[in-house]
Amino acid sequence: MLTFCALLAGCHSEHNRTGIVVLIESPPDSLDNRFALTTSGQRIAELISPGLVTFDEKSRPVPDLALDYQFLGPQTLEFTLRDHLTFHDGTPLTSEDVKATFDGLMDRALGSPKAGKLEPVDRIEAPGPSRVLFHLKRPYAPILGELVLPIVPRSRAFASAALAQDRAPIGAGPFRFSAQPDEEHIVLTPFEGYYGGKPRIRRLLIRTVRDETTRVLELLKGRADLVIGAVSPPIFPALHAGVRGDMRTDEPRLRILWEPGSAYAYLGLNSRSGPLSDLRIRRAICHALDVQPILKAKFRGLAQPATGMLPPGHWAYAETPGCRRDLALATKLLAEAGYSTAGGEREGLKEASPGRAKRTLHLTLKTSTDRFRKSIALVFQEQLAEAGIDVEIRSLEYGTFFNDVRKGNFELFSLVWSAGSVIEPDILRWVFSSANIPGPENAFAGLNRTGYRNGRLDALLDRATRVGQDERKVLYAQALALIDSDLPYIPLWHESSPAIVSWRLQDFEPSPQGYLRPLARAREAAP
Amino acid sequence: MRRLAGAPLAIAGSLILVSLFLNLVPGDPVEMMLGEQAPSVDREALRRSVGLDRPWYGQLWLFIRELATGNLRSSLPPFQRKILPQIWAALPNTLLLTFAAMAVAILIAIPLGVAAASRKGTAVDHAAMGIAVAGVALPRFWLGPMLIILFAIKLDWLPVSGADSPRNLILPSVTLGTALAAFLSRITRASMLDTLREEYVTVSRAKGLSPSAVLWKHAFRNALLPIITVLGLEFGALLGGAIVTEKVFAWPGMGTLLLTGIEKRDYNLVRAVVLVFTLSYVAINGLTDLVYTAVDPRVRRQ
């Protein structure tokens with residue numbers, strides 16, 4: 001029966017709850033990070049079962065459960081574990097658990113989709129209770145980045161216990177799994193045995209709310225305390241009612257916290273064939289675009305201009321010249337390539353290449369149906385029209401769109417590499433090396449969807465996987481410069497993952513990657 | 001009986017159509033899951049593990065076999081969760097929501113329609129039908145947030161979303177019921193106007209019965225049949241509307257399941273939810289027939 005309690009003011013109980021409520025946009029696929037492929041699954045799993053390393057704000061691998069690590073040789077990596085690590089069930093975490101975890105992962109029977117990441121690992125040795133040695137088949141520097149894989153108790157490391165770990169995961173992380181009453185809710189409680197000390201949050205409820213408007217309304221109502229990256233910039237003005245603060249206490253009820261982000265927005269250009277295989281045209285497009293008004297009006301400062309795939313805060317970042325908006329240069333490049341620039345600056349064009357009949361450049365830009373992304377595409381269309389380039393926008397349902405991108409069925413497309421992808425700089429090899437052009441046999445694995453080929457770049461990126469950190473930095477700087485001058489992608493901006501935090505959650509320090517892990521050090525305000 | 005015989009046909013048809021459409025829509029569970037990330041994930045092995053390497057009819061056959069053995073699992077690797085428990089959890093929520101919405105619709109529409117019909121051409125009639133037009137015109141994805149802003153944020157009476165208490169049911173059922181109420185009130189008015197013109201109504205008026213007795217006992221009972229027909233037909237639209245409403249209010253029902261299934265391209269989940277929707281549609285049509293016989297003695301005698 002429906003109670004009409006609703007009509008009586010004062011019978012709401014929202015304001016004296018305990019614990020912190022986190023809203024996510026879709027339910028996690030798994031809480032076991034050996035299997036979780038969705039962002040929500042990975043973020044929650046990291047709270048429960050961390051790995052040997054994690055990434056700092058410069059995307060450098062830093063010790064997590066490990067106390068320290070070092071390369072003993074190009075093919076041997078040594079880890080020392082922290083003292084007195086314990087799992088949520090009270091058993092100590094030793095090097096045997098680490099070895100078992102990775103042996104399990106590399107066993108095909110477990111069926112982890114991430115097993116391939118460990119292909120360069122030959123074997124793992126546990127010479128002492130807190131020492132672990134990774135022996136590699138060949139020098140492979142990016143392996144460090146893969147060791148974020150979670151450490152699980154040895155009893156749960158193999159296929160027979162995979163289901164148990166998926167249903168009620170155990171790890172050595174700051175929060176322990178408590179309950180998952182249904183698909184939409186997950187309850188975590190603080191773990192007193194966490195190496196960083198028991199978190200000061202009494203209870204963590206992670207709730208799935210699929211509708212963006214509803215997430216914002218829950219925040220405004222005061223029934224949610226943290227949303228990371230799941231509210232798009234155009235909606236931010238709606239939050240101002242909450243940000244402006246409570247009239248009585250003068251303290252803002254909601255705060256928007258953010259760090260310069262690492263998610264990378266770009267325009268992909270098909271360099272296989274057609275007009276975009278001509279570098280002059282790619283450059284012309286680059287010079288015709290101006291991202292500043294978009295960053296200001298659409299992102300409200302929550303994105304920073306990009307010069308390449310790696311954000312300025314990244315350890316391997318190197319500055320590249322990039323291309324500023326220069327319509328005169330853009331029209332000149334177009335004219336050189338044999339296209340008319342009727343819409344651009346009119347004088348000077350007639351002399352540019354007299355006697356030759358000029359065509360207008362027509363291009364198709366594919367985007368998803370997301371309204372925000374479509375509105376940005378419209379700005380691009382207008383900017384390119386000023387240079388005389390006629391752009392048709394085709395916005396497609398995400399699956400269709402992504403399928404076209406994967407198959408190389410596009411001229412221009414706009415997409416974003418997620419913050420989680422732009423951590424290990426080896427991503428450059430996956431995206432730009434000619435070995436990774438999707439073909440009939442690896443239509444899915446190849447990420448070089450623009451079909452860009454440059455032998456020198458291939459060699460640089462391959463070499464960068466085999467050398468030490470300092471030399472890698474030099475090689476990646478050269479690679480970034482090459483990519484910048486060849487423009488298989490037009491870099492647009494790096495998007496932040498803003499955290500919207502209620503007054504009840506204090507000391508939350510957001511990470512550029514949008515992790516939930518800072519919750520381990522955050523504090524729950526007294527009611 | 002003939003209607004019952006049509007049921008298997010409807011079910012088979014819906015399953016085949018859904019499977020065909022799923023096959024036509026680009027993107028698959030593995031690709032949707034991975035999105036723009038994870039270079040070294042073994043995608044082909046993931047695909048094989050959930051039978052995505054088979055043609056659509058092969059996948060449909062697998063679905064039917066798993067369903068028959070009660071062991072239906074999702075198409076999402078690696079832990080293909082069981083689907084039936086998810087459906088058992090979600091179905092009562094959706095039924096609760098649709099019936100509550102129907103109750104809201106009836107409570108609004110019948111008085112409104114009868115009032116409009118009995119005072120045809122007056123200000124009451126115009127006002128009632130004006131409300132009806134507005135109700136049809138308001139989209140649910142707009143009405144829902146507006147109701148939340150008014151009742152949950154500004155007035156602070158009701159929760160925003162979720163399904164933790166009975167109070168959570170109020171806003172979604174009003175959101176879902178409004179459009180039906182608007183449509184139903186127009187049908188009620190039209191049907192009442194028809195019956196009010198009948199001779200037996202004039203006769204009962206002439207007998208000196210009170211206006212309300214004439215209106216409710218004689219005219220309204222006879223006007224009920226078309227109203228029930230429309231209610232039965234509109235149940236399907238209500239289920240469709242429940243998808244949007246459930247999303248807005250984070251209501252853990254079948255619509256939410258269907259959306260999750262479509263977003264993640266969880267083929268088996270989509271098939272299962274569509275199957276349940278088809279079954280409920282068939283069941284409601286049967287139920288409408290039963291209600292006919294209860295309401296109209298003429299149908300009973302045939």
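In the predicted model, a nonpolar patch on the surface is formed by B:Leu138, B:Phe141, B:Trp142, B:Met146, B:Ile149 and B:Val244, which together have about 520 Å² of accessible area. The largest share of this patch, amounting to four residues, is contributed by helix α7 of chain B, a helix that covers residues 140–154. B:Ile149, one of the residues of the patch, is found in this helix α7 of chain B.

Along the principal axes, the C-alpha trace of chain B spans about 85 × 55 × 30 Å.

Further along chain B, helix α11 (residues 254–263) packs with helix α12 (residues 267–295) at an angle of about 150°, and the axes of the two helices lie 8 Å apart. The crossing of α11(B) and α12(B) is left-handed. On the side of α11(B), the contact is made by B:Met254, B:Leu257, B:Leu258, B:Gly261 and B:Ile262, while α12(B) contributes B:Leu269, B:Val270, B:Val273, B:Val274, B:Val276 and B:Phe277. When the residues of this contact between α11(B) and α12(B) are sorted by class, 10 are nonpolar and one is polar, whereas no charged residues take part.

How values were computed:
Residues numbered from 1 in each chain as written. Chains lettered and ligands numbered in written order. Predicted model: local features only at pLDDT ≥ 70, side-chain atom pairs only at ≥ 80, totals over all residues. Heavy atoms only, no water. Axes fitted to C-alpha atoms, helices over the stretch in contact; angles between N-to-C directions. Left-handed = near helix turned anticlockwise from the far one by under 90°. Contact = heavy atoms within 4.5 Å. Nonpolar A, V, L, I, M, F, W, Y, C, P; charged D, E, K, R; others polar. Patch = residues over 30% accessible without salt bridge, like charges linked within 9 Å, V, L, I, M, F, W, Y side chains within 5 Å. Areas by Shrake-Rupley, 256 points an atom, 1.4 Å probe, with all protein chains shown as cover. Salt bridge = Lys/Arg side-chain N within 4 Å of Asp/Glu carboxyl O.
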